[in-house]
Amino acid sequence: FSQLCQRIFDPNLAMFEPAAGNKNVFQPSRMASIHSLHLEYFRFAGRFVGKAIFDGQLLDAYFTRSFYKHMLGLKPSYHD
């Protein structure tokens, strides 16, 4: 899990970018569309994170609060 997590959240892959000032908190990258299959990559990343949660595995990557809210269908606030 840890090796795949490092690769998925590698900023050089341009799928996720670190949030300001924190190297372990990520948000989707604006550059992700440079990959023709970026939606499939995001789908894989989502399934990977879901599998880690299901198996009780801890990952060295977290999402921003605003991204969590977006996934839950909640409106992010300025404080997020």
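A salt bridge is taken here as a side-chain nitrogen of Lys or Arg within 4 Å of a carboxyl oxygen of Asp or Glu. The views below show a predicted model.

**View 1. Salt bridge between R7 and D10.** The side chains of R7 and D10 form a salt bridge with an N to O distance of 3.4 Å. R7 is partly exposed, at 46% relative accessibility. A search of the whole structure finds three salt bridges, and this pair is one of them.

**View 2. Salt bridge between R30 and E17.** An N to O distance of 3.6 Å joins the side chains of R30 and E17. The pair links distant parts of the chain, 13 residues apart: E17 belongs to strand β1 (residues 16-19), and R30 to the loop between β2 (22-28) and α2 (38-54). R30 counts as exposed because its relative accessibility is 71%, whereas E17 is buried, with a relative accessible area of 18%.

**View 3. Salt bridge between K51 and D55.** The closest N and O atoms of K51 and D55 are 3.2 Å apart. K51 is partly exposed, with a relative accessible area of 42%; D55 is also partly exposed, at 33% relative accessibility.

View 4. The protein has three helices and three strands, in the order α-β-β-α-β-α from the N terminus. Its radius of gyration is 13 Å, close to the 12 Å given by the globule rule for 80 residues, so the protein is as compact as a globular protein of that length. There are 9 positive and 6 negative side chains, and the centres of the two sets lie 5 Å apart. Buried residues make up 28% of the 80 residues.

Methods
Residues are numbered from 1 along each chain as its sequence is written. This is a predicted model: local features need pLDDT of at least 70, side-chain atom pairs count only at pLDDT 80 or more; totals for chains, interfaces and linings use all residues. Side-chain values use heavy atoms; hydrogens and water are left out. Helices (H or I, at least four residues) and strands (E, at least two) are DSSP runs, numbered from the N terminus. The radius of gyration is taken over C-alpha atoms; the globule rule is 2.2 Å times the number of residues to the power 0.38. Buried means under 20% relative accessible area, exposed over 50%, partly exposed in between (1.4 Å probe, protein chains only). Lys and Arg count as positive and Asp and Glu as negative; His and the chain ends are not counted. The place of a charge is taken as NZ of Lys, CZ of Arg, CG of Asp or CD of Glu.
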